[in-house]
Amino acid sequence: VVVWACAVFLHFTDTDFQQAVKNVRDCLLDGGKFAFSVKLGDGDGWSNEKMGAPRYFNYYQPDGLENALADAGMQTTDLQVYDDKWVYATAVRS
């Protein structure tokens with residue numbers, strides 16, 4: 001089983017991110033994978049770009065993302081930065 005979340009978790013606060021990852025972990029069987037993408041950067045903020053309405057973004061660095069996944073009970077198996085804009089992560093339930 002794989003849970004894939006493309007550019008979804010970047011809209012969560014740190015607290016909501018932790019809870020959402022725990023929810024995914026709880027849904028996975030042993031060996032199940034969680035793959036997702038978030039924006040590369042630091043901090044958080046609101047943007048009106050592209051949608052014409054405010055959207056919240058939380059930005060991530062690879063080290064911090066790996067630590068956040070571990071805190072939520074997930075083991076990172078792959079972490080890649082793409083195009084200096086995105087972080088792609090794959091993790092399994094630990």
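Helix 1 (residues 14-27) lies across strand 1, strand 2, strand 5 and strand 6, and runs at about 160 degrees to strand 2. Contact here means heavy atoms within 4.5 Å; helices (H or I, at least four residues) and strands (E, at least two) are DSSP runs, numbered from the N terminus. Axes are lines fitted to C-alpha atoms, for helices over the stretch in contact, with angles from 0 to 180 degrees between N-to-C directions.

This is a predicted model, in which local features need pLDDT of at least 70 and side-chain atom pairs count only at pLDDT 80 or more, while totals for chains, interfaces and linings use all residues. Residues are numbered from 1 along each chain as its sequence is written, and side-chain values use heavy atoms, without hydrogens and water.

Helix 2 (residues 62-71) lies across strand 2, strand 5 and strand 6, at about 160 degrees to strand 5. An open sheet of 4 strands has the order 1-2-6-5 with mixed pairing, where two strands pair if DSSP finds at least two bridges between them. Strand 1 (2-5) and strand 5 are the edge strands, each pairing on one side only. Strand 1 and strand 2 (residues 33-39) run parallel and are joined by 4 bridges, and Val2 stands opposite Lys33 in strand 2.

Lys50, in the loop between strand 3 (44-47) and strand 4 (55-58), has a positive phi of about 70 degrees although it is not a glycine. Asp84, in the loop between strand 5 (74-82) and strand 6 (86-93), has a positive phi near 55 degrees.
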